[in-house]
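The following note is intended for a reader who is new to protein structures. Please keep the sequence and the model in view while going through the numbered points.

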Amino acid sequence: ALVLLFTVLNQHPSYKSMDFNWFKLLLDSIPAEHESEVKKRKAEKYLEYSVLESIPARIRAGRQASDKKGINSTALLALKELLVKWLVTLPWRQRNIRECRIGGSRPNLFKAAIPLFSNIDKPEWVKQEEQRDAAAEFWQFAFSVDETKTAIEVHCVLPRPLIGLLEEYLREFRPHLLHGVDPETLFVNQAGNQMSTVNVDDLVTTLTYRFGGTRVTPHLFRDIVAFAWLKAHPKDYLTLSKMLWHSTPDQVIKTYGSRFNESSGVCAMESWLEEREAKST
């Protein structure tokens, strides 16, 4: 917070004539927090992936009661369900979640045939459908280099677990959330406009607190998904880097492998020894 304050004061035109070198000296004199303390504080904000994964179904279970309150209430629940399911399936950065367009001249989310010579990797069910129908259309998402933090181009088939809920939301619920001009973004706030950073943070942290007892930010979903993936796929940092849209695995190892420590190595050794013993008997 102090660093942010210093930056604002130092760059604000109203304070251009003032010398803030003393502020920088003050900041430099503050002892840096040990990395282990940062990790510990961060870990206290975690929820297990299985808890986050269960939230969409729990939101859906509340839809029946919301029907009595009207379609707008049910539509809002559908948005919440899709948003959390999206985050546990596609742990995007906040900007891409907020700005994901479903309309306009360059939509980020769309349904179309996959170009014949595309280098997009296809799941098996897509390949089978293309064999049955060469003109088959599939939900896809795409972001240009100027739309991703790491300046990489992204083009993927939307995972099948999201498709049914997405189509239901777009067909039955999103229209009821609009008021006036359609912002053409996938998610909208209660005023029918594009969601802000505060809108997304408040919505996600409120839902995780309600259903998990801890306020988990959208960005922290990335850490939790990454750790769960690495627990199931040890050392598969390359795949994880592609899931998180990093240009190299190095940043993934440094940032999202932070919950792996010496105890993780001991657990892996124990599992390996037990597997060897089971095979030998």
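1. In this predicted model, a negative surface patch is made up of Glu270, Glu274, Glu275 and Glu277. One of these residues, Glu274, is placed in helix H14, which covers residues 262-280.

2. The strands deserve attention next. Three of them, in the order E1-E2-E3, form an open sheet of 3 strands with antiparallel pairing. Strand E1 (109-112) and strand E3 (154-157) are the edges of this sheet; each has a single partner strand, so one side of each is left without a neighbour in the sheet. On average, and with direction ignored, neighbouring strands of this sheet are turned by 30° against each other.

3. How many bridges join strand E2 to E3? Strand E2 (residues 138-143) and E3 run antiparallel and are joined by 4 bridges.

4. The loop between E2 and E3 contains Ala151. Most residues other than glycine have a negative phi.

5. Glu184 is not a glycine either, and its phi is positive, near 65°. Glu184 is found in the loop between helix H9 (160-177) and helix H10 (197-212).

6. The structure holds 11 salt bridges. Among them is the one in which the side chains of Arg60 and Glu81 meet, at 2.8 Å from N to O. Which parts of the chain does this pair link? Arg60 belongs to helix H4 (residues 49-61) and Glu81 to helix H6 (residues 71-89), so that distant parts of the chain, with the two residues 21 residues apart, are linked by the pair.

Definitions and conventions:
Residues numbered from 1 in each chain as written. Predicted model: local features only at pLDDT ≥ 70, side-chain atom pairs only at ≥ 80, totals over all residues. Heavy atoms only, no water. Patch = residues over 30% accessible without salt bridge, like charges linked within 9 Å, V, L, I, M, F, W, Y side chains within 5 Å. Areas by Shrake-Rupley, 256 points an atom, 1.4 Å probe, with all protein chains shown as cover. Salt bridge = Lys/Arg side-chain N within 4 Å of Asp/Glu carboxyl O. Lys, Arg positive; Asp, Glu negative; His and termini not counted. Charge placed at Lys NZ, Arg CZ, Asp CG, Glu CD. Pairing = 2+ DSSP bridges. Axes fitted to C-alpha atoms, helices over the stretch in contact; angles between N-to-C directions.
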